[in-house]
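The structure comes up just below.

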Amino acid sequence: WLLKLLKGIIDSAKGVPIGNYLSQFFANLYLAYFDHWIKEDVKCKYYYRYADDIVILDNNKDHLKNILIAIKFYFHNILKLELKPNYQVFPIERRGIDFVGYVFRHKYRLLRKSIKTKISKLVYRYTNNKISKDVFESRMTSYRGWLKFCNSKHFSDIV
């Protein structure tokens with residue numbers, strides 16, 4: 001019964017079924033050996049992964065491109081996965097790193113613009129009596145947690 005249920009969840013969407021409570025578990029389970037391989041064999045010093053989102057930092061763009069080739073090979077041949085085509089190799093000084101809801105810079109982190117927009121819309125809906133205070137507070141709780149860990153003092157003051 002459990003195997004049938006898990007198969008139904010796995011086959012419910014292409015890639016990792018986002019929003020599913022088991023998504024993080026499956027990603028960690030399936031990518032655990034990849035994590036070890038990338039850190040220990042490939043020797044990526046600055047490797048970060050949350051579910052199926054990965055960030056690798058290095059000073060050498062050619063080295064990063066070689067790591068990307070190795071990852072594609074590992075995913076295809078070992079894990080039977082395909083890397084999404086929206087991967088990027090770029091200098092972070094100009095753009096920062098957009099990862100797990102934040103844009104990371106060398107000395108600070110900002111909330112991702114799309115999340116600020118969602119918060120602003122939620123505040124608008126509450127201030128215009130389109131949602132109740134209970135609904136507003138319930139939804140704002142997780143956003144406030146997010147705001148605690150970035151440079152958002154002026155934005156936090158309005159929400």
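What follows covers a helix pair and then the aromatic rings.

## About the model

This is a predicted model, in which local features need pLDDT of at least 70, side-chain atom pairs count only at pLDDT 80 or more, and totals for chains, interfaces and linings use all residues. Residues are numbered from 1 along each chain as its sequence is written, and side-chain values use heavy atoms, with hydrogens and water left out.

## Helices H5 and H6

Helix H5 spans residues 113-127 and helix H6 residues 133-147; their axes come within 10 Å and cross at roughly 155 degrees. That makes H5 roughly antiparallel to H6 (angles over 145 degrees count as such). The crossing is left-handed, meaning that the near helix is turned anticlockwise from the far one by less than a right angle.

The contact residues divide into 10 nonpolar, no polar and four charged.

## Aromatic rings

The count comes to nine aromatic pairs, with ring centres within 6.5 Å; planes under 30 degrees apart count as stacked, over 60 as edge-to-face and the rest as tilted. Phe 25 and Phe 26 form a tilted pair, with centres 5.9 Å apart and planes at 50 degrees. Tyr 143 and Trp 146 are stacked, at 6.3 Å centre to centre and 15 degrees between the planes; these two sit three residues apart in helix H6, so about one helical turn separates them.

Ring pairs also link Phe 34, Trp 37, Tyr 47, Tyr 74 and Phe 75 into a cluster.

How values were computed
Axes fitted to C-alpha atoms, helices over the stretch in contact; angles between N-to-C directions. Helix = DSSP H or I, 4+ residues; strand = E, 2+ residues; numbered from the N terminus. Parallel < 35°, antiparallel > 145°, perpendicular 65-115°, else oblique. Nonpolar A, V, L, I, M, F, W, Y, C, P; charged D, E, K, R; others polar. Phe/Tyr/Trp six-rings, centres within 6.5 Å; stacked < 30°, edge-to-face > 60°.
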